Protein chains: 2
Amino acid sequence: MSEHPLASLKIRLRHGDTFAMGPGKADLLEAIQETASIAAAGRKLGLSYWKTRHLLEEMNQCFRQQVVVTSKGGEKGGGSQVTETGRMALAQFRAMEAAAGSAIAERVAAFQELLAPGNPADN
Amino acid sequence: MSEHPLASLKIRLRHGDTFAMGPGKADLLEAIQETASIAAAGRKLGLSYWKTRHLLEEMNQCFRQQVVVTSKGGEKGGGSQVTETGRMALAQFRAMEAAAGSAIAERVAAFQELLAPGNPADN
């Protein structure tokens with residue numbers, strides 16, 4: 001979630017009571033871009049098919065346009081594609097994560113000076 | 001967690017396998033600053049006394065110095081104080097939240113343009 005192993009940074013974008021985007025939904029869109037398949041993307045992320053469909057339905061309800069479309073049959077046997085809206089939302093989200101990570105970098109380094117040396121789990 | 005109701009931003013700072021600081025721990029330190037009492041601070045946040053002590057123990061193990069000290073008796077009847085280390089850690093954390101929120105503000109506004117009008121929960 002961050003370029004600092006010390007800091008974890010989780011951003012979520014709300015639409016009403018639903019999260020339109022967050023780390024899990026961003027990963028799902030990326031996996032669909034890679035696999036062109038909703039089922040394969042879910043498996044890659046260790047999600048049940050039900051959970052995968054549920055995340056996509058939530059996203060599709062939040063945005064003006066669908067974030068993933070599925071074509072059945074055709075020359076290539078169909079498949080699922082991330083739409084322009086989905087790509088833009090994903091790109092904005094990843095850019096937010098990067099910008100927020102950069103914005104806190106110096107303070108994270110200063111914070112680290114306050115921490116005890118070593119790993120408390122070793123005690 | 002953020003100045004944008006649309007965006008929620010959660011920062012956590014790790015020390016080994018333990019979170020040295022996060023939203024809950026920051027709130028606890030602030031409540032101890034206000035109340036000068038670990039028990040009162042926990043009640044204010046709706047935490048059990050066990051949970052409150054556990055959060056403080058985790059923090060005290062993570063930092064070079066304790067984040068809260070308790071004096072027993074004395075003229076004012078004792079009480080708990082956030083130490084200089086605790087104050088610095090809290091201040092850095094709140095500054096990180098503010099910096100990260102500012103860093104994503106423009107992209108949050110752009111993201112919002114992609115969202116459907118209205119609240120999906122109303123559908």
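How many bridges pair strand 1 of chain A with strand 1 of chain B, and in which sense do the two strands run? In this predicted model, the two strands pair in the antiparallel sense over 7 bridges. One position in this pairing is Ala7(A), which stands opposite Leu13(B) in strand 1 of chain B.

**Confidence and overall architecture**

The predictor assigns the complex an ipTM of 0.86 and a pTM of 0.87. For chain A the mean pLDDT is 91, and 89% of the residues reach 70 or more. Within this chain, confidence is highest in helix 1 (residues 23-35), at 98, and lowest in strand 3, at a mean of 93.

Chain A contains 4 helices and 4 strands, and from the N terminus on its elements follow the order β-β-α-α-α-β-β-α. Of the 123 residues in chain A, 33% are buried. Among the contacts in chain A with a separation of 6 or more, 48% are between residues 24 or more positions apart.

| Strand pair | Sense | Bridges |
|---|---|---|
| Strand 1 of chain A and strand 2 of chain A | antiparallel | 3 bridges |
| Strand 1 of chain A and strand 1 of chain B | antiparallel | 7 bridges |
| Strand 1 of chain B and strand 2 of chain B | antiparallel | 3 bridges |

Within chain A, strand 1 covers residues 7-15 and strand 2 covers residues 18-21. His15(A) has Thr18(A) in strand 2 as its bridge partner. The hairpin of these two strands has 2 residues between them, and Gly16(A) takes a positive phi near 65° there. In chain B, the bridge partner of His15(B) is Thr18(B), in strand 2 of that chain.

The same surface serves both copies, since 97% of the contact residues of chain B recur in chain A.

The contact takes 38 residues from chain B and 37 residues from chain A. On the side of chain B that touches chain A, the elements giving two or more residues are strand 1 (7-15), strand 2 (18-21), helix 3 (49-62) and helix 4 (84-112) of chain B. Helix 4 of chain B supplies the largest share of that side, 13 residues. By type, the residues of this side of chain B divide into 23 nonpolar, 9 polar and 6 charged.

**Individual residues**

Most residues other than glycine have a negative phi. Ala36(A), by contrast, has a positive phi near 55°. This residue lies in the loop between helix 1 and helix 2 (38-45) of chain A. Is Ala36(A) exposed, partly exposed or buried? Ala36(A) is partly exposed, because 16 other C-beta atoms lie within 10 Å, a count between the limits of 12 or fewer for exposed and 20 or more for buried.

In chain B, Ala36(B) likewise has a positive phi near 55°. Its place is in the loop between helix 1 (23-35) and helix 2 (38-44) of chain B. With 16 C-beta neighbours inside 10 Å, Ala36(B) also counts as partly exposed.

Ser71(A) is located in strand 3 (residues 68-71) of chain A. With 12 other C-beta atoms within 10 Å, Ser71(A) is exposed. Leaving aside neighbours within four places in sequence, Ser71(A) is in contact with Gly78(A) and Gly79(A). Ser71(A) and Met96(A) are 25 residues apart along the chain, and their C-alpha atoms are separated by 31 Å.

Key: Residues numbered from 1 in each chain as written. Chains lettered and ligands numbered in written order. Predicted model: local features only at pLDDT ≥ 70, side-chain atom pairs only at ≥ 80, totals over all residues. Pairing = 2+ DSSP bridges. Contact = placed C-beta atoms within 7 Å. Nonpolar A, V, L, I, M, F, W, Y, C, P; charged D, E, K, R; others polar. pLDDT = per-residue confidence, 0-100.
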